[in-house]
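Here is a short briefing on a predicted model. Look over the structure first, then read the points by topic.

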Amino acid sequence: MNDMRLTERAVDSKDVKIAARKVQVFYGETHAIKDVDVDIDDKTVTAFIGPSGCGKSTFLRCINRMNDTIDVARVEGDIHLDGEDIYNPKVDPVQLRAKVGMVFQKPNPFPKSIYDNVAYGPKIHGLAKNKAELDEIVERALRRGAIWDEVKDRLQEPGTGLSGGQQQRLCIARAVATEPEVLLMDEPCSALDPIATAQVEELIDELKQNYSVVIVTHSMQQAARVSQKTAFFHLGYLVEYGETGQIFTNPKDSRTESYITGRIG
Amino acid sequence: MSDITATDAVPSAPRKGSLLEQDARTKRRNAAETRFKMYGIIAVTLGILALVMLVVSIVSNGASAFQQTYITLEVDLPEDRLDPEGNRNRDQMARVSTFGYGPLIGEAMEAQIAALGIEIEELGNPGDIVSKEAPAQLRNFVLANPDVVGSTVTFEFLANGRIDGYMKDRVTRATALLDKNVSPAQLDLTDALGEAGVLEKRFNWAFITAPDASGQRPEAAGLGVAIVGSFYMMLVVLILALPIGVAASIYLEEFAPKNRFTDLIEVNIANLAAVPSIVFGILGLAIFINFAGLPQSAPIVGGLVLTLMTLPTIIIATRASLKSVPPSIREAALGVGASKMQTVFHHVLPLAAPGILTGTIIGLAQALGETAPLLLIGMVAFVREFPAGPPEGFFDPASALPVQVYNWTQRSDPAFVERASGAIIVLLIFLVIMNAIAILLRRRFERRW
């Protein structure tokens, strides 16, 4: 909304967290992602925008190897996290996903208590030695998810009983509870009303202090509001990648301009 | 978008027909809908009618099996006839067969008639109204308690099947005239004994606890062995089919790659579910009895055959309930770094559990009512001995509830009609209980997301 000051938004040059080179994704015969090169910075919010079916979610799911769960999906090319190839056969996707958390489009809390939702990740990764430590981790995660005050009195109630916005923040808390280094968000606000969206966006802004956040969004306003860097995908290609201010005010590619001004998409 | 060019003028007449009357097309559509509803109501009514007729006919035929006529007699047990040696040695006393005990009952009956002052002509042997089971019952008692010889003991004997039939309005004086097993005089005696309170009809626990009896003694036939046999088989099915079925479904649904081979397995499982059950009986006969050498008529073989038959049902139900767990739950678990197995066991399986349990219970209920394969593996045999306790009992001969029904319907004595219907009632009660448990489990553990 108030994307008037975009050009003034400073982007400090930061370390590269994720480096992707010549990434190709195939779904069976379909070539969904073509030759994507991108460097994602640490402690930055990077937004992926583009029309439906352009491959932005697919690319996002490559970063924590969620595409592995789809039988027909095949990924080629290199993606490096802190200089390590995540598609190296030695890499166990389970360990990778502990480092690269994910928040999904639809809030998907486990049908368990709020406490168990958040505690599940730390438990399976053995992050807590005892109950007290686990309690602490859960509280910290829920605070970071900006939902602690709303749920602290009813931690044993089912997570599915919360409102949509609360559920999504619970899912974010669940994702940060395992202390990831990267947080992937696949249209986290598409199922939320504007108030919940604002809360989640505020949260994303805080999260970038500690994490590298990658967010896929359909809302260009949202991309402009929360991100420092923006990548525009179209028909499986990464068309343009740069600082958010530049992409929205002075796109280099004509396709980006068309999309931003609403002529394609 | 906002092309609101509202004019004050309201159209004076609708352009195309009035909304207040239906046009021909709408009328046709509504008529079709009404007709369809009628078909549905007719179908449901027919179904309910069939169910009501089934229940009414079974209950009206079978309810009387739970009542039985008993005669109370005081029987003298003279030493000179039961223990000629006089030393109460069990083995020597056993030389006196049931034929030696039969007359004692006749005499006790005569004494009872004399004591009550009943006089009936052409009665013949009054002991005939007592069941043929009675001498054996008396002999077993005496052999178990040799010390009672020489005293007088009060006994409750089953009445003969025809007398029992008379008490249940199955036998009348008109039919008794044509029947060589019963005479009108015996019916008169029955009335007289009934008035005196010596003969009475009451609830028949023996129907549920006693073993089967021969075709001559319908009044003594019970479901005990069949219930135990069915229970053992259900145990075998549960122990084998549940883990195997659930493991197979989890592997196929969650882990197996989707390729031609797994497609083939899938198709075969679906086909197995439709294989006639008697084919499983032949398979069981060939593999478990002829090849593996397991005993005939044993619940273990029945259980194995029924396991084969139930597995496809359980696998299909389990896979359906695993499929119905939303993929978002799996993604959520994988997203926080759970392994595939953790995802399945921590999240997917608990959510699918009610469906799995329901499928299992329905599979068990199906197996409980299955007759055809059991006929082929010899469970149709006449078994009077109770099988031992598990696990040895799994290898002892036993019967099964549906087979017992089949068996009884083959016998000529009309008293077995009520027995068979009574057995069906017991079977249906078990099935209803199992289905009720399935529904309760589903209600209790069903989660929404």
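pLDDT is the predictor's confidence in each residue, on a scale from 0 to 100. Chain B averages a pLDDT of 87, and 96% of the residues score at least 70. The model scores ipTM 0.85 and pTM 0.81.

**Ground rules**

- Residues are numbered from 1 along each chain as its sequence is written, and chains are lettered from A and ligands numbered from 1 in the order in which they are written.
- This is a predicted model, where local features need pLDDT of at least 70, side-chain atom pairs count only at pLDDT 80 or more, and totals for chains, interfaces and linings use all residues; side-chain values use heavy atoms, leaving out hydrogens and water.

**Confidence in chain B**

- Helices (H or I, at least four residues) and strands (E, at least two) are DSSP runs, numbered from the N terminus.

**Where the chains meet**

- Chain A brings 23 residues to the contact and chain B brings 18 residues. Contact means heavy atoms within 4.5 Å.
- Chain A and chain B bury about 1,700 Å² between them, with 61% of it on carbon and sulfur atoms. Buried area is the accessible area (1.4 Å probe) that two parts lose on being put together, summed over both.
- F110(A), P111(A) and Y120(A) supply 30% of the area that chain A buries against chain B, more than any other three residues.

**Salt bridges**

- A salt bridge is a side-chain nitrogen of Lys or Arg within 4 Å of a carboxyl oxygen of Asp or Glu.
- Over all chains, the structure holds 36 salt bridges.
- Between chain A and chain B the count is 1 salt bridge. There, the side chains of E331(B) and R61(A) meet at 2.8 Å, N to O.
- D82(A) and K17(A) also join their side chains in a salt bridge, at 3.0 Å, N to O. This pair links distant parts of the chain, 65 residues apart: D82(A) sits in the loop between β4 (73–81) and β5 (84–85) of chain A, and K17(A) in strand β1 (residues 16–27) of chain A.
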